[in-house]
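Me: I'd like a close look at a single part of this protein, please. Could you pick one spot and walk me through its surroundings?

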Amino acid sequence: MSNYFLALLFFISISAKGQTSVADLNLDYGPFEVGYRYTEIVDNSRSYSVKGNWTTTMVARPIPLSIWYPAKSTAASTPMKVMDYMRVLKLEEEWEHLPDSLILNWFYYAPNAQNKAHLLEEVKAVNDQTVRQGKYPVVVYAPSYGAASSENFALCEYLASHGYVVIASPSRGAYNRSFTGGTLLDLETQARDIEFIIDALDDFSYIDTSRIATMGFSFGGMSNVLASIRNKQIKANVSLDGSVKYQFKTLAASPFYRQDEFAIPFIHFSQKDIPALVLEQDGIDPALNTDFEFYDRLSKAPAYQLKMLDLTHGNFSSFGVLFANRDQRQDKSDQLIMESYSILAEYSRYFLDAYLKTQDATTTNFDEILNSTSLSSERFTYQAKAKQSPKMNLAQFNELAAKQNYSDLLNLYTSLNLEQKFHQGDLNNLGLHLFFNPEFQQSGIAVLKFATELYPESANLFDSLGEAYFLSNQYPEAITAFERSLVLYPENVNAKNRLKAMKQ
């Protein structure tokens with residue numbers, strides 16, 4: 001992992017204090033009260049060492065869970081505070097006995113008056129509320145590099161208020177709390193945690209396991225792509241400035257990476273362009289602003305990119321928005337950051353609604369929302385790509401052609417609505433290969449004739465078709481093909497010789 005991204009993850013920058021509050025997020029909460037529950041499941045197939053114990057003892061891998069869900073409301077409900085989520089951070093960092101008064105000193109964020117005030121602010125969720133009756137779609141959230149399950153609590157609460165269960169687990173290393181630098185091992189470990197959580201969803205009676213999405217911030221946004229490639233229960237994927245854009249080489253190095261196996265709707269919310277000054281001072285490759293190989297390769301399902309024009313990388317988590325100092329070289333005003341975080345939450349929900357709540361009469365097509373928005377170009381820009389028509393290789397086409405005895409191949413090709421042409425060299429080789437087999441001479445001619453219909457300007461294909469006709473003693477047809485080849489390429493010596501021989 002580059003030093004730049006380590007800096008992003010720990011919010012180290014040329015900075016100034018932000019002036020924000022939970023209330024300033026102004027999230028448009030849904031109709032449901034929000035419950036929160038902290039629990040743990042255990043993966044007995046993997047070993048883990050608790051660093052805080054300072055022993056060599058290994059235990060079965062613990063997977064802590066933060067769970068947000070639609071809850072029954074009660075008059076006595078007392079909202080949680082931001083401090084409750086910071087205690088989750090403390091617990092998952094394996095400093096559970098650290099006094100609350102030292103949390104800000106110990107972990108990442110300045111212990112200034114503004115941040116201390118944040119700790120006392122009320123949030124939307126109520127701890128251990130009764131789950132509201134029903135079955136709900138679930139979003140499995142993967143945090144950023146080494147982060148706590150509670151890092152994006154505001155977004156998770158927002159989704160729960162709109163009828164989602166959100167389950168998050170801390171991102172931790174393969175053998176202990178520590179990651180190893182954003183390596184393939186770290187990627188595989190977090191992906192396995194995500195998959196283990198999905199396997200455990202049947203134990204939650206209020207979760208509809210036919211409607212599962214993954215969502216991840218930064219490194220977590222790459223890990224859940226790998227999990228989605230392997231796990232066909234996942235129906236949609238949300239990337240919050242995910243490293244699937246910035247560290248594609250790490251993903252591609254996985255033995256489990258298969259681009260064609262990623263066939264679910266995908267949305268990537270990216271940070272605004274990094275200014276030239278920051279690129280230069282921090283030694284960042286300018287290609288990070290533009291290149292996105294994973295997205296470019298997508299073809300099997302709808303895909304979207306939304307560039308958030310007022311958010312830098314650290315602004316994609318609740319902790320980052322509230323506690324992190326601002327980078328004076330590139331961060332926008334607190335008001336714009338808070339408003340854009342709210343937009344990020346809103347459009348994440350629109351996307352999830354479109355692909356997880358398709359049976360609901362009120363669901364709106366996500367493309368229609370994007371096309372009708374007045375925010376586009378002012379607060380974000382977007383790209384969209386529709387699911388492409390299925391691609392077919394020539395071997396698959398040949399199998400279909402054989403089933404109809406190689407008749408009417410152009411109509412067969414047209415009926416398949418293929419967006420690609422087969423390579424003319426491959427068609428030429430297939431046609432000649434069939435032709436030189438005495439059992440399939442006419443089939444070979446049919447393929448070569450189809451090739452000339454697909455590539456009517458190819459002198460080589462007409463020459464091959466003419467040769468096939470000539471060798472099978474179909475001279476009128478051969479003359480027509482060779483003459484066409486000569487029109488396209490007057491220096492075709494073979495065509496000239498064959499025509500001379502036939503006209504003697």
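**A buried serine, and a buried helix**

Reply: Happy to! At 14% relative accessibility, Ser443 falls under the 20% cut-off, so this residue counts as buried. Keep in mind that the model is predicted. Ser443 sits in helix α18, which covers residues 441-454. Leaving aside residues up to four places away in sequence, Ser443 touches Tyr406 and Leu434. Tyr406 is 37 residues from Ser443 along the chain, and the C-alpha atoms of the two are separated by 5.7 Å.

Helix α5 is also worth a visit. Of the 9 residues in α5 (residues 153-161), 9 are buried, so this helix is largely enclosed by the rest of the structure. The buried residues include Phe153, Cys156, Glu157 and Ser161. After α5 comes Gly163, with a positive phi near 95°.

Not counting residues up to four places away in sequence, Phe153 is in contact with Val22, Trp68, Val82, Tyr85, Val123, Ser318, Phe319 and Leu322. In the largest nonpolar core, which has 68 residues, Phe153 is among those that touch the most other members, alongside Trp68, Met86, Leu240, Phe269, Tyr347 and Leu352. Helix α13 (residues 334-356) gives the most to this core, contributing 12 residues. Apart from this core lies another, of 45 residues, among them Val138, Ile167, Ile207 and Ile229.

Technical notes
Residues numbered from 1 in each chain as written. Predicted model: local features only at pLDDT ≥ 70, side-chain atom pairs only at ≥ 80, totals over all residues. Heavy atoms only, no water. Buried < 20%, exposed > 50% of the residue type's maximum accessible area, 1.4 Å probe, protein only. Helix = DSSP H or I, 4+ residues; strand = E, 2+ residues; numbered from the N terminus. Core = buried A, V, L, I, M, F, W, Y, C linked by side-chain atoms within 4.5 Å. Contact = heavy atoms within 4.5 Å.
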